[in-house]
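My notes follow in the order I looked things up.

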Amino acid sequence: MTERVASCGSLADSTHLLLQYCNDDTVSAGSNMDMEDRVSQLEQRLQLQEDEVQLLKAALADALRRLGCCEDHGLGTGGSTGGGGQSAGRRPGAPTSTTPPHTKVRQLLQALPSKPLSNGYVQQKRLLSSPSSPRKEVLLSIKRKSMSTERLTMLKREMAVESRSRTTSSSSSNCGKSKSKECSLNAEDGYVRMFLRGRPVTMHIPDQQRETYSLDHKVALPDRKLKLQWVYGYRGRDCRSNLYLLPTGEIVYFNASVVVLYNTEEQQQRHYLGHNDDVKCLSVHPDMVTIATGQVAGNSKDGKMLSPHVRVWDSVSLNTLHVIGMGVFDRAVTCVAFSKSNGGAHLCAVDDANDHILSVWNWQKEKQLADVKCSNDSVLGAMFHPMDANLIVTCGKSHLNFWTMEGSTLSKRQGIFEKHEKPKYVLCVAFAENGDAITGDSSGNVYVWAKGGNRISRVVPGAHEGGIFSVCVLKDGTVVTGGGKDRRVVLWDHDYNKQSEMEVGEPFGPVRAVAEGKQGELFIGTTKNAIIRASFPNSLTAIVQGHTDELWGLDTHPTMEQFVTCGQDKQVQLWDLTSHQPLWSKTIEDPGRSAAFHPSGTVLAVGTMTGRWLVLDTDTRDLVSMHTDGNEIISNIRYSPDGNFLAVGSHDNFVYIYAVTENGRKYSRVGKCTGHSSFVTHLDWSKDSHYLVTNSGDYEILFWEASSVKHVTSMEVMRNMEWATSTCTLGFSTFGVWPDGADGTDLNAVCRSHDGALLASADDFGKVHLFSYPCSQPRTPSHVYGGHSSHVTNVAFLHDDAHLISTGGKDTSILQWLAA
């Protein structure tokens, strides 16, 4: 045993030296190794040490259990015992004449680093995709979590509880314990214990359920279900040629893994939900009914790779007709197009492999006809010639290629720029009525390529300042171009003389796609994920808006059909549920991370990625107040139900409590809750506004008294507390949402409906789940809904529970669900 303990000590010293190495500026400055590689190496070394420590801890725990049994046996024969099988010598504060023989062993065991160090590290790294310095913050986080005194305090408290539990179970054979695969029930002490990445999480059962609760109880699926009602936003930031008008009056575009058909006149959306990850390209068949969409490779919940592919589907019935290229494409399908002249019998696609393979398919037979390496550089567009089904034009970085298909062979002719400026990127291609190809490039020039040839026949130099992202040939033969840097939309006549122009406002960003609408209208997609209805000379109306970067902050208005979002794009937006438009949008100085309405609805608080938080007037969006607590992410911010307190949860491990007066317009700090050993992830207030419960990155559940900011340790009080909300992912009423094998970062948010019947969750696999509430059984069944293509970051029910809002991370989308 002594040798094992010595080994533990040396490991701890080694870990300490490793952490010093992480933070030694002189070592860092003298090293030639890239910081990211160093972090990866250090993470691996720490992981190896932690695994070894876990084995040693297991051996010490076994020794501790044996010593505990011996101690109990000695006390049992030498003196009386207290109720519940616990020895009198163990009562808090009871005088003792001798120290238990295993105290030193227990102290050594408590001082060891524990497994959640690596869990917290992984989650911290995933969450910190911010403009601030994530690598430095990760290293500091490792150091803080491994060395903090709070950590040791927490371990001592936990080990004491476990020691008592072991003593009770060893001295009594009928203590009322039962186990499932990852959960155990201690009926005598009234708690359920689950494990996340090997770490125990203890949740106390309310008194009224202690007698009847069983881990084997079966929970029914909720009677109500969700139906996707509205998709906010458009993917314009990194996709192109993805906006078209259908004969039904609907515009078709995509966001996340949803293809949206939006009737702008009737304010109705329909959704094609066949994809399971990001949609990256779209093409409309000449029949104007059939649509092809291509997606990226993804990962399923069990870690299996989901192949990139093209889906061909009917825009009327929304039925999938064909799935093409499963197992053929690499990484993603970035371009897709139907042929025009042969009735649309062929379809071409370009994937995101290193060689960017161009392939041609008979889509009705799902048969590949030809393929070829297109380019080592990025390919931005591919189109069939409207008059020749065997001619395909591709464009991209440093190239414009004309491909001729003969049998199963594709032969290439490069576009020849001759004396003209060769651009860095050919950004888009379209075809004039006479068959000429028209290209827009990164230098702002429009080149016309004579039908069937690969030489320039006409030049419009300096058509735009900066890149031209879109060229659209209208039905009357005139041409519209959309600019990037200058944000201008320009109309050209048949001879390429400028007829008119208009400028898209800076808040909407550069033009990404242009589509012809009805009666002289245009639809313009922008790089800031907006769609604008426009007509010359200067009519511009935004009909779709969204965020442009990772989205985490979400809250719903306490009494109205409104909700607020904030993201890393530094935008705070107040949305109207009925019009599906922002009532206002405000740019703030820092990336946003969390948001909350005051119970009165007159103000809302926004937490940022830099430790700053601000309060805005809901009606006017004016700044009411601004405060700074630490310099790390404000991951959660929430008002008490009576509106008299505000809790600010931070990645610096603290919860800051503020007294709120004047209906949310004045704030004074009460203090900060100190005790978490990792960053705060979620928090809820009690109904009486006196207490709050918090979760942290290393799976702690702690309770606090708001007025004194003191840590409440009496579970007899807390187990029966009624909570105003249920957003903590760890708790007796919510732990059933965790799936088998969860690593502790798989679940990002939960939200209870106001009527207490439903619980929604947001996971890392792009899914929204709907459970019955309370969700207190392991692996509770749920309804599962797709739509997001990235981790779902947040969910919230509207005040009347008729709708649920969910937000996406990397897909930056907002989905509105009807709960019925």
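This is a predicted model: local features need pLDDT of at least 70, side-chain atom pairs count only at pLDDT 80 or more; totals for chains, interfaces and linings use all residues.

I began with contacts, meaning heavy atoms within 4.5 Å. Of the contacts in the chain with a separation of 6 or more, 50% are between residues 24 or more positions apart. Residues are numbered from 1 along each chain as its sequence is written, and side-chain values use heavy atoms, with hydrogens and water left out.

**Whole chain.** I counted nine helices and 58 strands. These are DSSP runs numbered from the N terminus, with helices being H or I of at least four residues and strands E of at least two. Buried residues make up 57% of the 820 in the chain; buried is under 20% relative accessible area, exposed over 50% and partly exposed in between, with a 1.4 Å probe and protein chains only. The accessible surface comes to about 33,100 Å², and 49% of it belongs to carbon and sulfur atoms. That area is from the Shrake-Rupley method with a 1.4 Å probe, and for residues only the protein chains shown count as cover.

**β6 to β9.** I traced an open sheet of four strands in the order β6-β7-β8-β9, with antiparallel pairing. β6 (244-245) and β9 (268-272) are the edge strands with a single partner each, so one side of each has no neighbour in the sheet. Strands pair here if DSSP finds at least two bridges between them. β6 and β7 (residues 250-255) are joined by two bridges, and L245 has I251 as its bridge partner.

**β10 and β11.** Is β10 buried or exposed? Six of the six residues in β10 (residues 279-284) are buried. β10 pairs antiparallel with β11 (residues 290-295) over five bridges, and L282 partners T293. The two make a hairpin with five residues between them, where M288 in the turn has a positive phi of about 65°.

I looked up H346, which lies in β17 (residues 346-351). H346 counts as buried because its relative accessibility is 15%. Leaving out residues up to four places away in sequence, H346 touches several residues, including F338, W361, W363, F384 and M405.

β17 runs antiparallel to β18, joined by five bridges, and V350 stands opposite L358. In their hairpin, with five residues between the strands, H356 takes a positive phi near 45°. Five of the six residues of β18 (residues 357-362) are buried, so β18 is largely enclosed by the rest of the structure.

β18 also pairs antiparallel with β19 (residues 367-373), over six bridges. N362 has K367 as its bridge partner. This hairpin has four residues between its strands, and E366 in the turn has a positive phi of about 55°.

**Cavities.** How many cavities of 30 Å³ or more does the structure hold? I found six. A cavity is a set of points on a 1 Å grid over the protein atoms alone where a 1.4 Å probe fits but cannot get out, and lining residues have an atom within 4 Å of a point. β48 (680-685) and β49 (691-696) each supply at least two lining residues.

Terms used
On a 1 Å grid over the protein atoms alone, a cavity is a set of points where a 1.4 Å probe fits but cannot get out, and a pocket is an open set with protein on both sides within 12 Å along at least five of seven lines; lining residues have an atom within 4 Å of a point. Grid points are joined across faces, edges and corners, and a volume is the space filled by probe spheres set on the points.
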